[in-house]
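Reader: I would like to go through the terms used for this model and see what stands behind each of them.

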Amino acid sequence: MSSGLDAALRLMRAQAALVKRFDASLGGLHGVSLADFTLLLRLSQAPGDRMRRVDLAEALGLTASGVTRGLVPLERIGLVRRDTDARDARVAYAALTGTGRERLAEMRVTADHVAREVFAEPAWTEDETGRLADLLTRLGGTGLTPGGAARL
């Protein structure tokens, strides 16, 4: 097996383990998945806490239908609402609600706690975590926060 394939397979296993860990904490405490959290986080960074659904899909690396499927349960529980464009009825926005902003703040505390556990010293130094983030950026793994830093 090539070292590139080995690295790719290890990265996929690590990603699956991280998703499982975040899902367990976010689901247990807040009833949302990591995918839900990242969607809400991205909306919170948009002007007016809203984005066109197609732009949200592009920002998250999802299809438009994937974003729609992800938004439906978040709309149902009042974290997100659907807005239409007054000038063009074909344009749909996803917007964070007040409740969504409040709940997201609580979710961020949980996600930050999980991330600190994952990258705790002495297993990971601050420098190693930063280097890992830089290497992942080279693979196209940009963060969700402004400037590309993967701060949760």
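Author: This is a predicted model, in which local features need pLDDT of at least 70 and side-chain atom pairs count only at pLDDT 80 or more, while totals for chains, interfaces and linings use all residues. Residues are numbered from 1 along each chain as its sequence is written, and side-chain values use heavy atoms, without hydrogens and water.

Reader: At what angle do helix H2 and helix H3 pack, and how far apart are their axes?

Author: H2 (residues 34–44) and H3 (residues 53–60) pack at about 120°, and their axes are 11 Å apart. Axes are lines fitted to C-alpha atoms, for helices over the stretch in contact, and angles run from 0 to 180 degrees between N-to-C directions. Helices are DSSP runs of H or I with at least four residues, strands are E runs of at least two, and both are numbered from the N terminus.

Reader: Which residues of H2 and H3 meet?

Author: On the H2 side they are Thr-38, Leu-39, Arg-42 and Leu-43, and on the H3 side Leu-56, Ala-59 and Leu-60; contact means heavy atoms within 4.5 Å.

Reader: Why are H3 and H4 called roughly perpendicular?

Author: H3 and helix H4 (residues 64–76) pack at about 105°, with axes 9 Å apart. Angles under 35 degrees count as roughly parallel, over 145 as roughly antiparallel, 65 to 115 as roughly perpendicular and the rest as oblique. H3 and H4 are therefore roughly perpendicular to each other. Their contact includes Arg-53 of H3 and Glu-75 of H4.

Reader: What makes S1 and S3 paired strands?

Author: Two strands pair if DSSP finds at least two bridges between them. S1 and S3 (residues 92–96) have 3 bridges, in the antiparallel sense, so they meet that condition. One of the bridges joins Arg-50 to Ala-95 in S3.

Reader: Why do S1 and S2 count as edge strands?

Author: The 3 strands form an open sheet in the order S1-S3-S2, with antiparallel pairing. S1 (50–52) and S2 (80–84) each have a single partner strand, so one side of each has no neighbour in the sheet. The twist averages 30° from one strand to the next. H3 packs on this sheet, touching S1, S2 and S3.
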